[in-house]
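This report looks at the charged side-chain contacts in the structure shown below. It begins with a group of linked residues and then turns to individual pairs.

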Amino acid sequence: MDFDLPPLAISLEDDPPPRDLQSILNGLLSFNRPLEPESNHTPIAVYMRDAEGRLRGGLTGALYFNALFIDYLWVDAPLRRQGIGRTLLARVEHEARTRGRDFAHIESMSFQAPAFYLARGYSAYAQLDGYTEGAARVHLRHQFAATHEADAAVNPAHMALGLRVEVTTEPDAADLRTVREGLFAWNAQVYQPDNPRPLYLFLRGPDGQVLGGLTGSTYWNACFVDLFWLDVGVRRKGFGTAIMQAAVEEATRRGCDFIHLDTLSFQARGFYEKLGFNAYGTLDGFAAGVERYHMVKYLRTRSTATVTL
């Protein structure tokens with residue numbers, strides 16, 4: 001039996017309370033939990049510190065299902081081209097293998113380091129075009145059957161510089177921020193400032209309670225949707241479509257040319273396709289046959305620029 005819902009409102013908010021953002025994450029995790037086959041999400045980070053303990057390079061990511069997801073890899077400018085990036089990558093791969101993971105995944109912009117990963121045994125399986133100045137997002141994966149264990153060992157050259165490697169599954173928020181901001185600063189030097197701006201949409205009840213929402217960001221000429229969730233009591237009533245349409249309208253207003261997101265095979269690919277999204281890549285090989293779909297909806301005429309990897 002259907003019941004009339006009390007008045008609900010979709011709001012675009014610039015600075016929502018942290019507890020409301022946590023509500024969206026908790027809601028999505030609650031939805032996923034019965035459907036995720038042993039996802040075992042664990043943060044992981046590998047840092048390179050100098051003799052004074054200062055962070056001079058780092059790699060951050062997570063162990064999820066049977067895979068390693070790499071978020072950011074950064075090396076301080078004075079220490080580049082000395083094998084530190086190779087060491088960080090090899091150490092996190094070694095740790096992932098030790099913890100029973102089968103493969104690694106990373107996304108790299110075409111002006112960043114796809115060639116570096118290809119040289120380390122990664123293969124490109126998908127690409128998202130349409131960024132300004134002909135840039136593209138390249139998706140890469142690497143099976144752990146062939147790794148570079150020698151690079152994971154202590155490097156005498158790094159020891160001579162007073163550098164040491166640290167691996168942790170409980171990364172400090174300040175260290176994570178240092179790695180992320182270091183990479184963003186490097187991006188601005190070689191490409192253009194991305195000026196990320198958060199995108200928060202909430203479905204609220206009459207008392208302001210969070211019944212659904214979307215979190216993401218806009219940067220360069222793109223919009224990325226990070227989290228999207230609806231409370232079970234408001235599903236199949238058009239609210240999901242309304243929230244996504246509001247996100248598309250706001251991304252368009254901010255000058256974005258496209259909006260993209262990832263969804264797992266037990267989540268909502270069909271829903272996004274009805275809204276005009278298309279899958280441009282698939283990451284398979286997860287436990288229990290789960291697949292991850294990379295999806296995009298172009299909001300303006302697609303760029304004809306091409307990128308050579």
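## A network of charged residues

Asp 50, Glu 52, Arg 54, Arg 56 and Asp 76 are joined in a network of salt bridges, a salt bridge being a side-chain nitrogen of Lys or Arg within 4 Å of a carboxyl oxygen of Asp or Glu. The structure as a whole holds 17 salt bridges.

## Basis of the values

This is a predicted model, in which local features need pLDDT of at least 70 and side-chain atom pairs count only at pLDDT 80 or more, while totals for chains, interfaces and linings use all residues. Residues are numbered from 1 along each chain as its sequence is written, and side-chain values use heavy atoms, with hydrogens and water left out.

Arg 141 forms a salt bridge with Asp 284, with 3.2 Å between the closest N and O atoms. The pair links distant parts of the chain, 143 residues apart, since Arg 141 lies in strand β7 (residues 137-143) and Asp 284 in the loop between β13 (278-283) and β14 (292-298); strands (E, at least two residues) and helices (H or I, at least four) are DSSP runs, numbered from the N terminus.

Arg 141 is buried at 13% relative accessible area, whereas Asp 284 is partly exposed at 39%; buried means under 20%, exposed over 50%, and partly exposed in between (1.4 Å probe, protein chains only).

## A pair within a helix

Arg 269 and Glu 273 form a salt bridge, their closest N and O atoms being 2.9 Å apart. These two residues are four apart in helix α8 (residues 269-274), and therefore about one helical turn separates them.
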